[in-house]
Amino acid sequence: MTSPEANRVNDFVIKIATVNGTGSASANSLLMKSLFRMGIPVTGKNLFPSNIQGLPTWYEIRANRDGYNARTGRVDVMVAMNAQTYAKDLAEVSPGGYLIYDSTWPRARQLERDDVEVIDIPLAEMVNGQFSKPRVRILMKNIAYVGALCGLMEIDLGVVRGLIEETFSTKPGLIDSNMQAIELGFDHARRHFRCPLPVRAESMDASKGHVLIDGNQAAALGCLYAGATVGAWYPITPSTSLMDAFERLCGEFRRDPETGENRYCIVQAEDELAAAGMVIGAGWAGARAFTPTSGPGISLMSEFLGFAYYTEIPAVFFDIQRVGPSTGMPTRTQQCDLLAAAFASHGDTRHPLLLPADPAECFELSVAAFDLAERLQTPVLVLSDLDIGMNDWMVPELCWDDGYLPDRGKVLDAEALDKLDVFHRFADIDGDGIPWRTLPGSDRKGAYFVRGSGHNRYGGYTEDAEEYQDVVDRLMLKWQTARELVPAAKLCKADHHTDIGILAFGSSHGAVSEALDRLRESGIHADYLRLRAFPFGHEVQRFLDDHKTVFVVEQNRDAQMRSLLMLEADVEGRKLVSILHYNGLPIPSDAVTERIREHVRKEAAA
Amino acid sequence: MTWIGKPKVDWSGQQRNPLGLTIRDYEGVMSTLCAGCGHDSVTAALVQAFWEMAIRPEQVIKLSGIGCSSKTTAYFLGGAHGFNSVHGRMPSIATGALAAHRDLIAVGISGDGDSLSIGMGQFAHAVRRNINLLYLIENNGVYGLTKGQFSASADSGSKSKHGVESRQQAIDAVATAITLGGSFAARSFSGDKKQLVPLIKAGLSHPGCAIIDVISPCVTFNDHEGSTKSYAFTRAHHEAVTEADLVEPAESIEADYDWGDAVNVTVHDGSTIRFRKLEPDYDWSSRAAALQYLEKHRQRGEVVTGLLYRDADQPDFHSIARTARQPLRDMDHDQLCPGSGALESLQQRLR
């Protein structure tokens, strides 16, 4: 709740309720980018339906001068453009907040609230007076509410104009019409309401050196920069934009301008089973290959994941998690595939997981995923989610080290083979559980046979008890090696010594970071370890050992990360206290703060 | 151990191909299939074809799924990388491997269960994508490894070993491939090496997905009276409609065969495929004619063999994708990575 005396400059949430398919996305991104260019830290969350046109959709922008980027339980300014959801939208506004609506069609009086100021602007009427084409009217109505917000909240019109000019640099006519719509809203707001509102923007300098990017785009950049050449996929929300972005980037950077030839190959497969097979076939043949998918795809790819684990073939799988089980809610977010991904497939299988917390890490960890997959000769899964993948986040500008060379792992070429008496595909020469491999099409001496059936260290078929066990035991040794190679968890220590620890990962990071500050203000100090990979490094065990209570924050119902910790680490179950959020919306910081506070209070009382 | 190496016997009289390799150099490990299995004859035909074409074993990848047929990839070309994938998924592995390295010579060995039931989707899409793969189905109408269930290619009316009659319609791999827009569809019989070896060579030289459905009887579970995939039935009912052979660029087309009214078709690599119609009216360049012919003979209970359809001008997977000539997996990192400068300017759009 916001108290009236609180400083609400550059600390607010704007939520816009519209109908999908009406072009509101460009208006919302204009609004968000304007705040960003004013130097204010900002994030946008698109809460959209699994539908193309006609259903309610919301866009939530949080601007925060301290850089907090999680959702909160708050809505300071609601732009209620959808009559269908008006009552619900009004109810959601925080006390002391504002609701803007299109008063071309006045709302019933009983829907008003005493603690919310309603700002009525006849958007449709104004826009219809200015524009004649029906489609343009719909689009400009959205631009007009941006204009109104500029007037009400002191969003810099010059910045807005600059953005519009950039967007429509090739269509000057559109610059004028968009600016007209902006001014309609702006002027009306200035003329009829007390401007600015206490909830307002003010230029600052906190977004310098940052970019606004979504995780799927950043992951696609990672694939491009890591030198991935083969991408196979089956379209599935919310992973689709990753391959779309990769294809766009390849078109820009990997196409010979003269011949039109491509230095990449993207295959839209017939299903996820085939997509997995293609990536594994390509990895076996020596290319860096990946597939983006989501939970249902992981279920279908499981057979091949187990195969690639046992036959030791590198491949990168992106799981942009969405709400399960089954089809679940395709356009809502969760961290619900941890167990399915970690142990995908029948038999004793286990796969390294990488857990990016934001788009910047999607870039960094997707490059790491290719290196790890080839180093470890195994599939590596990057577990992002819809919140990271499809929403725009403000992150430090992505950097690239031009000295980077891909780690291709242990590959013997013809020359190296020549020096060997004999080549054995699955022999552990170096004692780290990672054998040497050869690539097809190189040398006869390196020829070997890949099989998902029982095989011995020489690569031969076997049903022999000892020979079988020899190989699966070595795979376990390789797993121990993986522990040393995966990205380490990041520790954020409290200023004070404390027995309380918080473990979180992925898109919960923003909520936890903010909760830590709120908790500290109320005298609760906690160390925070952010997991970035599975298997867990030794730092995770140390953290568990060092704290009496460890809150495990995750976005699924079944406390899957807690289960992984119980399985893989040496820890007493009662020490691990779950904080779970799984309704499909990104985890809000308040939820974390309140539940930890409540637990600590109860413990103290006991 | 069930992985049996073959003793290498070298004798001076062995014939060598232009690479100086003997036929033994094209063999693999010892077959563990039942004695008399049709699949072993197919293996022998493959060995013969590769040896005759003087292909370097290391240029080849051998891929398969699961089943008796899929075991055979271990029995030829020991010098080639082999890949025994999961059931029905060989085509996706082949697609990925060829995407990574377009110059590999890919041979996929599958079966009727592997391709026409569990792998029907991948079979269809490999054909549709026209990946450069010799896709050979060893078709015996039966699940051998699980002891004799009907497969989807079992003809309606055919009887199992226990006397049960198959009542469902059979899927015809050749007709299906033609319907799917396949660019090369042939049928042969494991017992007819004279026909099979040239067909394999023609398939290997075809720039696209070459489907060869080989009737390959299962001596253990489907070689009895009442079966339409037995040696006796196939011998009595198979009708060769065309003959095909591959003529290497180096060879003269007027070799020492008597080919009568043969038609020569130049393949893109400079070699020639020579066809001869045994049926004067047969048109192997027409989908409709091929399907009609197949259906007419099916109704008569005849198994049509030979090259039934071919269209070498259909664009293959890589020409559709416009993939670079250099195999992707051989590209250096600086050919692939745009570098820090590009990343910086890319991010201008993200502010």
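**A:Pro325 turns up in the loop between β11 (315-321) and α11 (338-342) of chain A.** The peptide bond leading from A:Gly324 into A:Pro325 is cis, and its omega is near -5 degrees. A:Pro196 belongs to the loop between α6 (172-192) and β7 of chain A. The element names come from DSSP: helices are H or I runs of at least four residues, strands are E runs of at least two, and numbering goes from the N terminus. Keep in mind that this is a predicted model, where local features need pLDDT of at least 70 and side-chain atom pairs count only at pLDDT 80 or more, while totals for chains, interfaces and linings use all residues. Residues are numbered from 1 along each chain as its sequence is written, and chains are lettered from A and ligands numbered from 1 in the order in which they are written.

**A:Ser345 and B:Arg322 have positive phi values, though neither is a glycine.** For A:Ser345, phi is near 95 degrees, and the residue lies in the loop between α11 and β12 (353-354) of chain A. A:Ser345 counts as buried because it has 20 C-beta neighbours inside 10 Å. B:Arg322 has a phi of about 55 degrees and lies in the loop between α10 (317-321) and α11 (333-336) of chain B. B:Arg322 has 14 C-beta neighbours inside 10 Å, so it counts as partly exposed. (The cut-offs: buried is 20 or more other C-beta atoms within 10 Å, exposed is 12 or fewer, partly exposed is in between, with C-beta atoms placed from the backbone.)

**Strand β4 (residues 77-80) of chain A has buried side chains pointing both ways.** A:Val77 and A:Val79 point one way, A:Met78 and A:Ala80 the other. β4(A) pairs with strand β1 (residues 11-19) of chain A, parallel, over 4 bridges, and A:Ile14 has A:Val77 as its bridge partner. β4(A) also runs parallel to strand β5 (residues 98-102) of chain A, again with 4 bridges, and there A:Val79 stands opposite A:Ile100. Strands count as paired once DSSP finds at least two bridges between them.

**Helix α16 (residues 509-521) of chain A packs against helix α19 (residues 589-605) of chain A.** Their axes are 8 Å apart and the angle is about 45 degrees, which makes α16(A) oblique to α19(A). (Axes are lines fitted to C-alpha atoms, for helices over the stretch in contact, and angles run from 0 to 180 degrees between N-to-C directions; under 35 is roughly parallel, over 145 roughly antiparallel, 65 to 115 roughly perpendicular and the rest oblique.) Among the residues that meet are A:Ala511, A:Val512 and A:Leu519 from α16(A), and A:Val592 and A:Ile596 from α19(A). Contact means C-beta atoms, placed from the backbone, within 7 Å. By class, this contact has 6 nonpolar, 2 polar and 3 charged residues. (Ala, Val, Leu, Ile, Met, Phe, Trp, Tyr, Cys and Pro count as nonpolar, Asp, Glu, Lys and Arg as charged, and the others, Gly among them, as polar.)

**Chains A and B meet through 59 residues of chain A and 52 residues of chain B.** Several elements of chain A give two or more residues to that side, including β7 (210-214), α7 (215-226) and α10 (295-311). With 9 residues, α9(A) gives the most. The chain A side divides into 33 nonpolar, 13 polar and 13 charged residues.

**A sheet of 9 strands spans the two chains, in the order β15(A)-β2(B)-β1(B)-β3(B)-β4(B)-β8(B)-β7(B)-β13(B)-β9(B).** The sheet is open and its pairing is mixed. At the edges sit β15 of chain A and β9 (238-240) of chain B, each pairing on one side only. From one strand to the next, the twist averages 20 degrees. β15(A) pairs with strand β2 (residues 81-84) of chain B in the parallel sense over 3 bridges, and A:Phe449 stands opposite B:Gly82. Further along, strand β7 (residues 184-189) and strand β13 (residues 303-310) of chain B run antiparallel, joined by 4 bridges; B:Ala185 stands opposite B:Tyr309. Helix α7 (residues 193-205) of chain B packs on the sheet, and its direction makes about 160 degrees with that of β7(B).

Definitions and conventions
Two residues are in contact if their C-beta atoms, placed from the backbone, lie within 7 Å.
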